Amino acid sequence: LLQYHPANAAKTSVEKPQSQKQDKKAVVSVPYRVVLDELVKPPNPILDYLSAYSGITPKSLEHVTTTLAQIQTTLLQILYSEDVLIGHSLENDLHALRLYHTNAGPLVVDTAMLFRNVDTGRKHALRHLSSVLLNKDIQQGNMNDHQSTSSGHCSEEDAAASLSLAIKRAEMGNEFQLPSCKNKSRRRHVFQIIDALRKKQSYKMTKN
């Protein structure tokens with residue numbers, strides 16, 4: 001769980017490549033503070049750690065005693081109903097936590113929905129969004145000390161990527177999206193104009 005305050009929006013940083021040989025553009029990031037980063041011991045035996053995706057291994061949970069109930073209590077002490085929750089596919093996280101944000105309408109920003117394909121409804125992976133829009137490669141095995149070094153997820157890294165995507169979208173509007181979606185948006189806009197003109201012409205003919 002990361003904390004971000006709008007007052008720090010002006011401090012959004014852009015890290016430029018060290019050398020012209022680097023093929024990556026500037027990396028976009030926003031300031032934040034880590035509020036909570038804990039592993040939870042499941043109540044039931046784990047049949048498959050899915051380490052390749054989760055980054056969690058048996059060794060990661062070897063000395064973990066924190067329960068879900070404890071994390072729920074901590075979160076309820078940290079979060080308020082007016083807080084904005086930002087994340088990627090947040091419904092999965094909230095379901096796992098067995099929590100419901102009472103003001104889940106405008107106060108939940110899900111980057112999976114925010115950057116989805118408007119034509120097909122397809123959601124894009126956070127790794128893809130981060131690479132294309134933030135010029136930052138994530139989920140490359142850069143785990144926290146208490147996590148695995150496998151090619152799984154880093155909770156802080158994923159949260160920071162979602163936060164940066166949401167803040168930049170708020171700053172730049174619909175222009176901040178995948179290039180393929182921009183093109184489709186333009187084409188759709190043209191068709192909408194043509195349709196509007198046809199309806200207008202049809203109305204004039206009917207009126208006459």
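The side chains of Lys168 and Glu171 meet in a salt bridge, with 3.2 Å from N to O, where a salt bridge is a side-chain nitrogen of Lys or Arg within 4 Å of a carboxyl oxygen of Asp or Glu. Both residues lie in helix α6, 3 residues apart, which is about one turn of the helix. Lys168 counts as buried at 15% relative accessibility, whereas Glu171, at 40%, counts as partly exposed; buried means under 20% relative accessible area, exposed over 50%, and partly exposed in between, with a 1.4 Å probe and protein chains only.

This is a predicted model, in which local features need pLDDT of at least 70 and side-chain atom pairs count only at pLDDT 80 or more, while totals for chains, interfaces and linings use all residues. Residues are numbered from 1 along each chain as its sequence is written, and side-chain values use heavy atoms, with hydrogens and water left out.

A search of the whole structure finds 2 salt bridges, and the table sets them out.

| Salt bridge | N to O distance | Accessibility of the Lys | Accessibility of the Glu |
|---|---|---|---|
| Lys168 and Glu171 | 3.2 Å | Lys168, 15% | Glu171, 40% |
| Lys123 and Glu91 | 3.5 Å | Lys123, 36% | Glu91, 39% |

Lys123 lies in the loop between α4 and α5 and Glu91 in helix α3 (residues 90-97), so this pair ties together parts that are 32 residues apart in sequence. In general, side chains of opposite charge can pair when their charged atoms come close.

The protein chain has 7 helices and 6 strands, which are DSSP runs numbered from the N terminus (helices are H or I with at least four residues, strands are E with at least two). Read along the sequence, the elements follow the pattern β-β-β-β-α-α-β-α-β-α-α-α-α. Of the 208 residues in the protein chain, 31% are buried. The chain exposes about 14200 Å², of which carbon and sulfur atoms supply 53%, the accessible areas coming from the Shrake-Rupley method with a 1.4 Å probe and, for residues, with only the protein chains shown counting as cover.

Helix α6 (residues 155-172) has 18 residues, which should span 26 Å at 1.5 Å a residue, and this agrees with its end C-alpha atoms, which are 26 Å apart; the expected span is 1.5 Å times one less than the number of residues. The buried residues of α6 include Ala161, Leu165 and Lys168. Just after α6, Gly173 takes a positive phi of about 75 degrees.

The largest nonpolar core has 11 residues, among them Phe115, Leu129, Leu133, Ala161, Leu165 and Leu178; such a core is a set of buried Ala, Val, Leu, Ile, Met, Phe, Trp, Tyr and Cys residues joined through side-chain atoms within 4.5 Å. Helices α5 and α6 each supply at least two residues of this core, and α5 gives the most, with 4 residues. Leaving aside its neighbours within four places in sequence, Leu178 is in contact (heavy atoms within 4.5 Å) with His124, His128, Leu129, Val132 and Leu133. In soluble globular proteins, nonpolar side chains tend to be buried together.

Asn117 is found in the loop between α4 (111-114) and α5 (126-134), and at 7% relative accessibility Asn117 counts as buried. A polar atom of the side chain of Asn117 lies 3.0 Å from the backbone nitrogen of Thr120.

Notes. Polar contact = N/O pair within 3.5 Å; in protein donor to acceptor, adjacent residues only side chain to side chain.
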